[in-house]
Every structure is written in C-alpha cells, then in structure tokens.
Amino acid sequence: MEDIPQRVRIALFALIGWALLLPGPEVRAAGAGSIHEGQDVRIKRLHIDLVVNADGSYSQTMDLVEQLNSLRAVEQAGQIKLPYSASLDTLDILEANTLKADGRKLPVARTSIFTQDGLISAEGLTSFQDLKTTVAVFPTLEPGDSIGIRFRVTRRKPTLPGVFTYTHTFAGDIQNDDAVITLVAPRNYPLSIENPGLKVTMSEAPGGLRKWTWTYRNSRVEWPEDGSIDPITYRPRLLISSLASYQDLAVAANRQFAGKAAVTPAIRAAAAKITAGTSDPLTQTKKIFDWVAKNIRYFSITLDVGGYIPRSADEVLASRFGDCKDHTVIVAALLAAQGIPSMPALLTTESIYELPKVPVLAVFNHAIVFVPSLNVYLDTNTSSISYGALPEVDADKPVLLLGTPQALARTPVLAAETNGTRLVSKISIAADGSASGRDVLTASGSTGIAYGGFADAVSSTDPVRLTRTILLAKGFAGEGTATARRITNEADFRFELLYELRDLAWLDQPGGVRAEAPMEFLGSSVRAEISSSPNRTVPYVCSARTDVEILDLSFPAGLSLALPRGVHAVGPDRSYDSSYSLKGNTVHVERRYVSRSPRGYCDPAEFSELRQFREKILRDLRAEIRFSPASTATAVSGQP
C-alpha cells in the first residue's frame with residue numbers, strides 16, 4: 001500500500017467507531033490479560049489481595065509474574081504501565097525484577113521506573129488532568145524470560161462516596177497457572193458477589209473481619225471468536241459490589257452530577273441565542289443538540305480515575321471543550337433553560353448487552369442525555385451526527401438513568417430503514433479496454449456517524465494518492481480523485497470517487513468483468529458480519545442495516561453480453577436480492593442486503609443457517625458479465 005497517513009489507511013478498510021469513554025471506575029488488575037495473545041504470554045502467578053474499609057476505600061496489592069515466550073511479547077510487554085489518580089491514590093512499587101530463564105533475578109533499577117502524566121493534549125491542557133501512569137521497564141529481556149512485579153495501590157477515598165465495586169474477568173486466550181484473589185472486609189460490610197467459573201472459600205478473620213479467597217487456573221488456551229460480545233458476559237469472572245441494586249448505583253452516581261447543570265445567566269443567554277425564533281420543544285432540542293455537537297469540542301478530561309465528576313455547564317460553555325460527562329451537563333443545562341427536562345444516562349460502549357446481577361461501575365463507561373418528553377437519547381460527543389441517531393456502540397445498550405426512580409432503561413436498537421449505505425456507480429468501458437467511472441457512496445444512521453473520521457481524513461489527504469490506494473486495494477489500476485463530507489441533520493455522509501482505469505478488460509477476445517465498482521461495500525459488509533469466524537458458540541455483535549449497490553456498466557458497441565441470473569436469498573432476519581438487466585450496451589445491476597436484527601447482537605444458534613445464506617450472497621458478488629466480439633457469439637441476457 002502506498003505511504004499515505006496511517007489514519008487514512010485505517011479509515012479506508014474499517015468503520016471508525018467512536019469510543020468516547022469515561023475513564024474506568026473500577027479496581028482493575030494491571031498487567032494481567034492485556035494485549036497479548038495465546039502463548040505469547042503465560043501468567044505464572046497472579047495474586048491480588050484486596051483490603052476494603054467500611055467507607056469504600058481500599059488497598060490492592062498485586063503480585064504478578066508473566067512469562068514472555070516470543071519476541072513480540074518482549075517488545076510489547078517489556079514494560080508494565082500502572083495508571084492511578086494522584087489525588088485519590090498512592091502507588092508503591094514493592095519489587096520489580098526480570099526473571100531470567102536460567103534462574104537469575106535482575107532487579108529493575110529505580111532509574112527505569114518513572115511517572116508520566118496520563119493525558120496530554122496537543123493544546124497542553126494538562127491542568128485538568130489527575131491521571132498519572134508509573135512505568136517500570138524491565139532490563140535484558142529475551143524470549144522465555146519472565147517479568148515479576150509486586151505493587152500496592154491505596155485508594156484513599158472511593159470513586160463514589162461510600163461505594164466499593166470490583167471487576168476482574170479472565171480472558172481465555174492467556175494461560176493462568178496460579179490466579180488467586182483475596183478480599184478482606186468488615187464482617188458487617190454488605191457485599192454482593194458474582195463469581196462464575198471460580199472456586200471460592202470464605203472464613204472469619206481476626207478483628208471482626210471476613211475473608212474470601214477465589215482461585216482460577218486454565219491449562220487450555222481458548223482463542224476468542226471474532227466480534228464476540230464482551231467476555232464479562234460469559235467468561236470466568238469476579239464481580240463485587242457494596243450496593244444492593246442498580247437503583248442504589250444510580251443514586252450514588254447522580255450525586256456527582258448534582259448542581260453541575262445549573263441554569264446560570266450565561267447558560268440562559270446561550271440557550272436563548274441558540275433557539276432564537278423557535279418555541280417548539282422538539283425544534284429547540286434539535287438546535288441545542290446541533291449547537292453542542294458542533295461547538296463543544298470533545299476532549300477527554302480525567303479529574304480522577306473514577307471520572308464521574310463533570311465540570312459545571314458554565315465551565316464547559318466558557319472553554320468550549322469537554323468529555324462525555326461535560327457534554328451531558330451542558331446539554332442538560334441548555335435544555336433546562338428552555339424548560340425541557342432531561343437527565344444523564346450512563347451506559348457502556350463495550351459489547352455488553354445484558355447487565356450482570358451485581359451492580360458494578362465497570363459496565364458504565366459513557367454518559368449521554370435522555371429527554372423523557374421526546375423519548376430520545378442524545379450523544380453529542382462527535383460533530384458528525386444527526387439528531388435522534390446514535391453511534392452503533394450506543395445502540396441496544398442497558399442504561400442507568402440518573403435522577404429518576406426508573407433507574408434502568410435501554411437505548412433503541414438500530415433500524416434497517418435508517419442505518420446503512422447506498423452506492424451508485426457508473427462505469428463506461430472504452431473500445432481499448434480502459435474505463436472511466438464515478439462512485440458515490442452515501443451512509444446514514446450509525447454507519448454515517450462512523451464515517452466522520454474518514455471524511456476528515458479525506459479532506460487532509462492528497463485525493464489523487466488516496467484514490468490510487470483505493471483502486472489498488474480492489475485490484476484496479478488507475479488514477480482519480482476523491483471528496484467526502486460528514487453526516488449532518490441536512491444530509492447523509494457522502495464519499496465520491498472519480499477515476500480512470502487502465503486495462504479493465506481485453507475486448508478483442510471472449511472474457512468477463514466482475515459486476516462491481518472500486519468502492520464496492522456490500523461484499524465487505526457481508527463478509528465482516530457473517531464470515532469472520534467458522535463457528536460460533538457465544539453471541540456476537542451485529543446490527544440492523546440496509547446496504548444497496550446500483551451499478552451501470554456500459555460496454556462499447558459490437559459486443560455480445562451474457563448476464564448472471566438474479567438471486568433471492570433469505571436468512572435469519574435477513575434478505576438479499578440482486579437483479580441484472582440490459583438496455584442497449586449498458587448492464588444495470590442492483591443488489592440489496594437487509595439485516596433486521598432485533599438486537600445489537602446475534603445468537604450463535606443462527607450461525608449455521610447464516611453460513612448457507614452467506615454462500616448464496618458471495619457467489620452472486622463474484623458474478624461476472626461475460627462478453628465476446630459479436631462475430632463469435634450471440635447476445636444473451638439473463639443467462640449465467
């Protein structure tokens with residue numbers, strides 16, 4: 001591939017999802033189960049000791065030994081990164097060593113342990129951050145060596161006052177030889193616990209304390225299935241909470257938002273200006289939504305590791321930037337200034353579609369706004385969004401509504417009628433086999449939102465070089481140019497490709513041309529959803545959508561043309577239709593793929609049937625329009 005910016009290469013071949021996250025509010029096990037795959041890393045020992053106090057504060061001591069079995073593992077895991085909050089936490093590294101395969105122990109020098117700011121923006125907005133990261137770099141590592149570290153994090157006050165929650169999920173793609181988690185808490189401290197797949201023992205401890213011990217080992221590595229839902233749903237895990245219900249969690253989280261969306265004179269003046277000339281609540285809400293999405297720049301701000309304390313709406317208005325919590329409070333404040341009630345809604349951008357029984361903070365990492373009178377959720381964290389639409393990572397998710405007795409609700413599922421793509425292509429083949437063409441791809445709903453980053457990348461990249469890269473990726477040789485625009489309330493995402501192709505076909509002898517354009521999208525979409533794994537045992541992420549492709553392929557006079565037969569195929573909640581027709585020398589192709597998935601995830605029981613459905617589609621997508629000089633064949637339409 002040509003040397004074009006990495007952000008553009010990524011955008012070309014994958015939808016750009018938006019992970020606009022609240023920082024993780026959980027006690028988390030650093031180092032274990034991170035970016036490594038299979039036997040590249042083997043966890044020889046993972047011992048976690050938790051001591052919880054009656055006010056929800058705690059200390060966590062971890063003893064971790066990871067064996068690094070490949071050069072890749074050495075390069076990626078040769079350092080341990082430990083994030084913490086400077087205002088809430090104390091971090092102490094008790095011991096760190098390289099453990100050589102021959103038995104030698106090489107201590108990590110103090111000069112190889114350093115602390116850096118966790119978040120630094122291009123604008124230097126470091127005064128708002130509190131997240132720090134201590135990094136320990138291990139010396140003289142080679143494949144087969146291990147790294148060992150023992151450290152303690154002391155949380156002086158809990159993320160939410162009086163609340164303790166803990167989550168640890170064991171990934172199947174890393175072997176754990178000896179995993180032990182212990183928890184010591186006051187005997188009368190209320191705890192809800194969920195621990196499927198773990199062995200547990202409980203005992204009384206001196207001083208009016210109670211102790212739990214959980215153990216886990218897995219001798220077999222299980223590779224994750226592509227696109228499967230979050231392992232917190234089905235893998236061995238430990239979830240602990242001092243709360244009895246999600247309503248209790250909503251009450252505790254809502255205290256952090258209290259007063260932040262106050263209607264001040266500055267907010268009232270801004271709301272009046274934004275909604276000038278309108279009195280209808282729906283129109284006012286749309287105007288406020290648009291204004292915040294376009295004028296309050298998203299910027300991740302960590303005021304503490306918990307990340308549940310937004311700035312005031314006044315501060316966000318003055319600075320014109322903020323994270324998802326800040327977007328939530330300024331939208332709520334502007335709406336309140338116009339007499340439109342709303343409330344924060346916490347959800348997750350991870351693929352978690354059902355909440356665990358134990359109310360833990362880890363399943364909520366994002367904040368948006370819910371407007372009850374209009375029954376609409378608003379996510380303004382990207383400017384590339386239209387009113388009423390949600391990014392795919394927000395769709396069909398359980399939400400925690402703050403400030404209402406109805407704590408739990410659910411965001412709407414995506415609809416096939418409003419989410420998807422439409423590609424219209426016109427290609428004209430010249431007598432010498434070269435061709436000129438124009439592809440116009442439009443995308444609506446969450447798909448259009450996901451392409452916002454791509455639109456930005458196109459505008460900042462050489463369009464000629466970008467077009468050449470796209471053509472080469474699809475097996476075409478040629479030149480051209482490209483333009484793109486973001487989705488708005490007024491228009492869908494739009495990407496246009498103009499191109500000249502060399503040697504598309506040799507027309508002086510019988511041959512064939514694939515019935516597809518350089519911007520062909522439907523085939524990639526179908527393959528990504530249906531053929532990413534050979535089998536399924538757990539639910540996987542999918543969504544309702546409609547993808548349409550229309551192609552007019554014109555040939556020079558004097559050729560006989562043979563067209564494929566159209567296809568009609570039906571699968572679980574899905575359908576596919578194609579048709580081929582000939583008018584003069586132009587072949588008209590239409591293909592339509594519709595997925596009406598009723599949820600944000602699909603059942604693995606349907607997958608075998610989907611594979612048969614997929615085969616019919618992929619055969620059609622590989623169909624060719626056959627041609628031959630008129631002197632050697634008779635024109636045929638609608639035949640294979």
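Predicted model: local features only at pLDDT ≥ 70, side-chain atom pairs only at ≥ 80, totals over all residues.
**Entry 1: the cores**

I started with the nonpolar residues. I had read that in soluble globular proteins nonpolar side chains tend to be buried together. Here the largest nonpolar core has 93 residues. Which members touch the most others? I found L334, L400, F493, F495 and F555. I then checked which element gives the most to this core, and it is helix α7, residues 324-337, with 8 residues. There is also a second, separate core of 43 residues, and M62, V74, I113 and Y216 are among them.

**Entry 2: around F495**

I picked F495 and skipped its neighbours within four places in sequence. What is F495 in contact with? My list reads D439, V440, L441, F454, V458, I470, A482, T483, A484 and M519.

**Entry 3: the disulfide**

How many disulfides does the structure hold? I counted 1. The disulfide joins C542 to C602, with an S to S distance of 2.0 Å. The two cysteines sit in distant parts of the chain, 60 residues apart. C542 lies in the loop between β27 (540-541) and β28 (545-554), while C602 belongs to strand β33 (residues 601-602).

Next I looked at the handedness. The torsion about the S-S bond is about 100°, so I wrote this disulfide down as right-handed.

Are these cysteines buried or exposed? The cut-off for buried is under 20% relative accessible area. C542 has 4%, so it is buried. C602 has 2%, so it is buried too. I also looked up C324, which is buried with a relative accessible area of 0%.

**Entry 4: strand β29**

I recalled that side chains in a regular strand alternate between the two faces of the sheet. So what about the faces of β29, residues 559-562? Both are covered. L559 and L561 are on one side, S560 and A562 are on the other, and all of them are buried. I then looked for a pairing and found 4 bridges joining β29 to strand β34 (residues 624-629), with the two running antiparallel. The bridge partner of L561 in β34 is F627.

**Entry 5: D552**

My last stop was D552, in strand β28. Why do I call D552 buried? Its relative accessible area is 17%, and buried means under 20%. The side chain of D552 makes a polar contact of 2.6 Å with the side chain of H588. Leaving out residues up to four places away in sequence, I noted that D552 touches S425, K426, I427, T586, V587 and H588.

Definitions and conventions
Residues numbered from 1 in each chain as written. Heavy atoms only, no water. Core = buried A, V, L, I, M, F, W, Y, C linked by side-chain atoms within 4.5 Å. Buried < 20%, exposed > 50% of the residue type's maximum accessible area, 1.4 Å probe, protein only. Contact = heavy atoms within 4.5 Å. Disulfide = S-S within 2.5 Å. Pairing = 2+ DSSP bridges. Polar contact = N/O pair within 3.5 Å; in protein donor to acceptor, adjacent residues only side chain to side chain.
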